[in-house]
Amino acid sequence: MESSLMGNRVDNKKFTWVIKNFSTLQSEKIYSDKFVISGCKCVLCGFCLQASFSCLSLYLEVADFKSLPSGWRRNVEFTITLVKQFCEKFSLAKVTRHWLDHKVPDWGFKSMIPLTTLHAKDGGFLVNDELKIVAEVDVLEVIGKLDVPGESEEETQPVKKIKQNDDGAVSSDLLKEIPGDLVDVNGFQVLPSQVGFARRIFEKHPETASECRTKNQDLRTSYMNVLISVIKMLFKGPEEHSKDDLSDAEAALAYMTHVGFKLDWLEKQLEEVKERMKKCARVCEIEKQLHDLEHKCKDLKAQLNKEKAEILEATAPDLFFIDVV
């Protein structure tokens with residue numbers, strides 16, 4: 001088991017792990033340094049030995065989980081990104097959400113990427129034998145004390161704190177909003193934080209849900225959650241999208257249309273995002289070609305200088321004309 005490795009950095013809710021000399025690692029399992037996000041102390045761990053595995057596996061793990069107090073739990077949503085160093089717009093990112101505790105202290109991706117793809121010369125993930133991994137962690141709910149005392153109120157405000165009473169009963173104290181308090185917007189029950197978003201949708205596109213057939217409020221709330229999630233995803237920058245994201249968005253819009261939503265305006269936005277991604281892919285390819293050409297040019301210059309030096313050495317005035325005639 002190897003603890004690794006240089007270049008670790010925490011920035012807001014992101015932790016960057018740079019693994020150097022990746023191809024020479026001998027341990028099956030490697031660890032990043034410990035880091036703290038939203039009062040939760042974590043590490044990243046990976047399984048990467050080619051002799052033992054066909055894919056790189058990456059997990060978020062609670063640090064020192066064996067010493068966790070009874071009842072400690074954290075509901076976390078996190079993204080793990082393998083950075084494509086030639087063109088970060090096309091890095092590989094995967095997202096998941098799970099409760100972590102002393103019984104299930106880690107969660108992640110068994111098949112993050114095939115090792116053959118990772119080691120490919122033109123893959124862009126492994127450059128100068130360095131692998132760059134970024135973890136973005138959002139602690140959604142907390143049971144038990146924060147791992148790191150002294151966290152400021154501002155830092156912990158978005159977290160839903162759940163405290164256990166002496167009798168074992170659970171009471172919740174949400175610092176920003178209580179999920180049970182829903183607000184009606186055009187017949188849809190949404191969270192207080194979604195009210196402005198939902199109202200803007202109906203103000204700008206009043207026909208959006210005019211043919212939604214179901215009257216079941218749970219389903220209607222679910223539909224609105226999906227709609228808002230798709231909109232938020234599409235309005236991110238192209239570098240934050242993956243092909244899987246767009247496929248999921250396309251499937252979600254198809255389903256929403258099937259149940260009666262009119263989303264031609266959002267479908268148009270999806271097509272524009274796809275087109276931007278194609279252009280970004282072309283830019284990425286050109287950047288890679290340019291990088292390769294610059295590298296080749298550097299090698300050619302070195303070879304040219306070497307041969308010039310050899311010519312000068314060969315024509316040095318060590319011999320005179322009379323010596324060779």
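1. Residues are numbered from 1 along each chain as its sequence is written, and side-chain values use heavy atoms, with hydrogens and water left out. Because the model is predicted, local features need pLDDT of at least 70 and side-chain atom pairs count only at pLDDT 80 or more, while totals for chains, interfaces and linings use all residues.

2. Rings of Phe, Tyr and Trp (its six-membered ring) pair if their centres lie within 6.5 Å, and planes under 30 degrees apart count as stacked, over 60 as edge-to-face and the rest as tilted. By this rule there are 7 aromatic pairs. One of them is the stacked pair of F188 and F202, with 5.8 Å from centre to centre and 25° between the planes. F188 belongs to strand 16 (residues 188–190) and F202 to helix 3 (residues 195–204), so the pair ties together parts that are 14 residues apart in sequence; helices (H or I, at least four residues) and strands (E, at least two) are DSSP runs, numbered from the N terminus.

3. Both F188 and F202 are buried, where buried means under 20% relative accessible area, exposed over 50%, and partly exposed in between (1.4 Å probe, protein chains only). Y223 and F261 form an edge-to-face pair, at 5.8 Å centre to centre and 85° between the planes. This pair links distant parts of the chain, since Y223 is in helix 4 (residues 217–234) and F261 in the loop between helix 5 (243–258) and helix 6 (264–314), 38 residues apart. F261 counts as buried because its relative accessibility is 3%. Ring pairs join F188, F202, Y223, Y255 and F261 into a cluster.

4. A charge sits over a ring if NZ of Lys or CZ of Arg is within 6 Å of the ring centre and within 35 degrees of the ring normal. The charged end of R220 sits over the ring of F188, 4.1 Å from its centre, and that of R200 over the ring of F197, 5.4 Å from its centre.

5. T214 lies in the loop between helix 3 and helix 4, and it counts as buried because its relative accessibility is 19%. Leaving aside neighbours within four places in sequence, T214 is in contact (heavy atoms within 4.5 Å) with L219, R220 and Y223.

6. A nonpolar core is a set of buried Ala, Val, Leu, Ile, Met, Phe, Trp, Tyr and Cys residues joined through side-chain atoms within 4.5 Å. The largest has 36 residues, and F22 and L131 are among those with the most contacts inside it; its largest share, 6 residues, comes from strand 12.
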